[in-house]
Amino acid sequence: AKAAAEAKAAAEAKAAAEAKKKSVSKPKVAAASGSLTDAYKKLSERKAKAGAWMVVMLDAKSRKKNKPLVLAGDGEGLSGLVNTLVDDKCMWACINVHGVDERQNVTSTRPKLVQINWVGGKVPAMKRMQGLSGKRKVSAIFKGVAVSVDAVKSADIISKELVQKLSAAGGAHKPTYYDFGDQKVKL
């Protein structure tokens, strides 16, 4: 029975990994930078939901030397963002994190944008250079970012570490907690 349970768990993990690869290998949006800019504007609006995110990558299907960016995914919650990142790709993500300050009769929410520069651990050395070239392209779209984080494995993207970076980048007044959509981290 134990062996059957282990086999079932391994099969489910393999199916989840395959589904993840398929979802990222087909970009959801055409490579037009205008559509990426529009998606970013929606994500960065003050009224955007806590934990709203988008992930972009270079278009692997493009034959151009200077490959355009395409939307690889979007959603809500830090866990969903981390699950969208693929180990053998260079990707860039932005998440809208809300700094929430709760006082006696007033609740104040200040959105903060966090950029994640992802170069998966299985990216070949020559392809790692895409990470640098893509970073310049992404900076033209991801404007007003409070914190930028470089990551090579999902363990590099932990809410508590992001909160430390946000706190260090913020002003003297600290919020009560940061809201990542699917998790809240108190200070």
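These legends accompany several close-up views of one predicted protein model.

The model is predicted, so local features need pLDDT of at least 70 and side-chain atom pairs count only at pLDDT 80 or more, while totals for chains, interfaces and linings use all residues. Residues are numbered from 1 along each chain as its sequence is written, and side-chain values use heavy atoms, with hydrogens and water left out.

**View 1. The whole chain, before we zoom in.**
The protein chain has five helices and seven strands; helices (H or I, at least four residues) and strands (E, at least two) are DSSP runs, numbered from the N terminus. Starting at the N terminus, the order is α-α-β-β-α-β-β-α-β-α-β-β. Of its 187 residues, 37% are buried, where buried means under 20% relative accessible area, exposed over 50% and partly exposed in between (1.4 Å probe, protein chains only).

Side chains of opposite charge can pair when their charged atoms come close. A salt bridge is a side-chain nitrogen of Lys or Arg within 4 Å of a carboxyl oxygen of Asp or Glu, and the whole structure holds four of them. Here E76 and K49 meet with 3.9 Å from N to O. Their positions are 27 residues apart: E76 sits in strand β2 (residues 69-76), and K49 in the loop between α2 (33-44) and β1 (52-58). K49 is exposed, at 54% relative accessibility.

**View 2. D101 and R103 side by side in a salt bridge.**The side chains of D101 and R103 form a salt bridge of 3.1 Å, N to O. Is D101 buried or exposed? With a relative accessibility of 5%, D101 counts as buried.

**View 3. A salt bridge between K135 and D150.**
In the pair K135 and D150, the closest N and O atoms are 3.5 Å apart. K135 is partly exposed, at 31% relative accessible area, whereas D150 is exposed, at 53%.

**View 4. The two sides of helix α5.**
Which residues of helix α5 (residues 159-169) are buried? They are S159, L162, V163, L166 and S167. Looking down the axis of α5, these buried residues fall within an arc of 135°, so they line one face of the helix; the arc is that of the directions from the helix axis to the C-beta atoms. On the other side, Q164 and A168 are exposed. The cover over the buried residues of α5 includes α3 (78-84), β3 (90-102) and β4 (107-119), along with β5, β6 (177-179) and β7 (184-186).

Definitions and conventions. Contact = heavy atoms within 4.5 Å.
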